[in-house]
Amino acid sequence: MATTSIKEVALRARVSVGTVSNVLNRPDMVAPATRRRVLDAITELGYVRNDSARQLRAGRSNTIAIVVLDVANPFFTDVVHGAELAADELGVMVVVCNSGQDAARERRHLEQLEQQRVRGVLITPVEDHPGSRLEQLIRRGTPVVLVDRGSGQHNRCSVAVDDVLGGRLAGTHLVEQGHQLIAFVGGPTSIQQVADRHQGIAEALADAPADLLVVNTPSLSVAAGRQAGAQIADRPAGQRPTAVFCANDLLALGVLQEMTLRGVRVPDDIAIIGYDDIDFAAAAAVPLSSIRQPREHLGRTAAQLLLEEVEEGAGHQHRQVVFQPELVVRESTSRRHQPARRQV
């Protein structure tokens, strides 16, 4: 079905195209009788204004974008919700893009978003280095705010959680529970959050009577967690960790599933702690201990910073906002008895 054009509306109303444009954008400039004739023509022809084209001609759209690592991860669902709340207050729409932890896919999203002239981009980046597509976007004038990722750069704002501290909280908790061989499950290590959380638990164990086993994963998914759980469960009894710290809750849920299938008791045989404290953590068969992030607040704060930069332009002062994580203890690490200490 053909789309009615503004020219057809002008012909039907016997006015110029400019008059139709004024009725749509500056109605007070048009005489009431003429305005009524144009509105009647719009109704009769079923004309729908093309806001996208109008905004592009003006050099901007009424849209911001958020690019997340994994749209299936409830953590990012909550972050997006927070961003939408802030954007809604100013009548701005949020478009969600999923990089799937794929740098090439992320680059394609950023290219398309620049072509659409979005007002700005919120992003948890897969790729962030000199010469990256993200850096090009910033240099060309599109405001960018990093979400759940700190920034050492001064040409963008960022909103993050102190993930090194989060890793230390998890490690200290497990050491205090008497664990002497602890596994860290996470990957890929190119994701800064994973690297920071690993650094944190390594720091916590550095001066403690406990060793750290690293189990790398190809992604931060439940399936990857199950694979890691299988690797841990298959280790000889004397070399099997008695506790696992996972880089996010999806991995922790996967480890929990695998242990349950194999008859490994949680927390008696092995304790598990995740990261993010998504709703599914508390609802698991064995409620999971986790490191809580202010998920919705991350998204809201990031969107507010982005829209402030859009409004203030070159006068905007970039800020790096860092929130503090919180340890939430549940049954998955609440041990009913202490294990026998390993022989040195």
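Because the model is predicted, local features need pLDDT of at least 70 and side-chain atom pairs count only at pLDDT 80 or more, while totals for chains, interfaces and linings use all residues. Residues are numbered from 1 along each chain as its sequence is written, and side-chain values use heavy atoms, with hydrogens and water left out.

**The whole chain**

Begin with the protein chain as a cartoon, where you will find 13 helices and twelve strands; these are DSSP runs numbered from the N terminus, helices being H or I of at least four residues and strands being E of at least two. The radius of gyration is 26 Å, well over the 20 Å that the globule rule gives for 344 residues, so the chain is more spread out than a compact globule; the radius is taken over C-alpha atoms, and the rule is 2.2 Å times the number of residues to the power 0.38. Along the principal axes, the C-alpha atoms fill a box of roughly 95 × 40 × 30 Å. Of the 344 residues, 50% count as buried, where buried means under 20% relative accessible area, exposed means over 50% and partly exposed lies in between, with a 1.4 Å probe and protein chains only.

**S290**

Next, select S290, which sits in strand β10, spanning residues 289-292, and is buried with a relative accessible area of 0%. Show the side chain of S290 and follow it to the backbone nitrogen of Y275, reached at 3.4 Å. Beyond its neighbours within four places in sequence, S290 is in contact (heavy atoms within 4.5 Å) with several residues, among them D249, I273, D276, E326 and R330.

**N73**

Now move to N73, in the loop between β1 (63-68) and α5 (74-88), where this residue is buried with a relative accessible area of 4%. With neighbours within four places in sequence set aside, the contacts of N73 are N248, L250, D276 and I278.

**H318**

Finally, select H318, in the loop between α13 (295-312) and β11 (320-323); H318 is partly exposed, with a relative accessible area of 29%. Not counting residues up to four places away in sequence, H318 touches H154, N155, R156, C157 and E309. To end, draw a C-alpha to C-alpha distance from H318 to T217, which are 101 residues apart in sequence and 34 Å apart in space.

How values were computed:
Polar contact = N/O pair within 3.5 Å; in protein donor to acceptor, adjacent residues only side chain to side chain.
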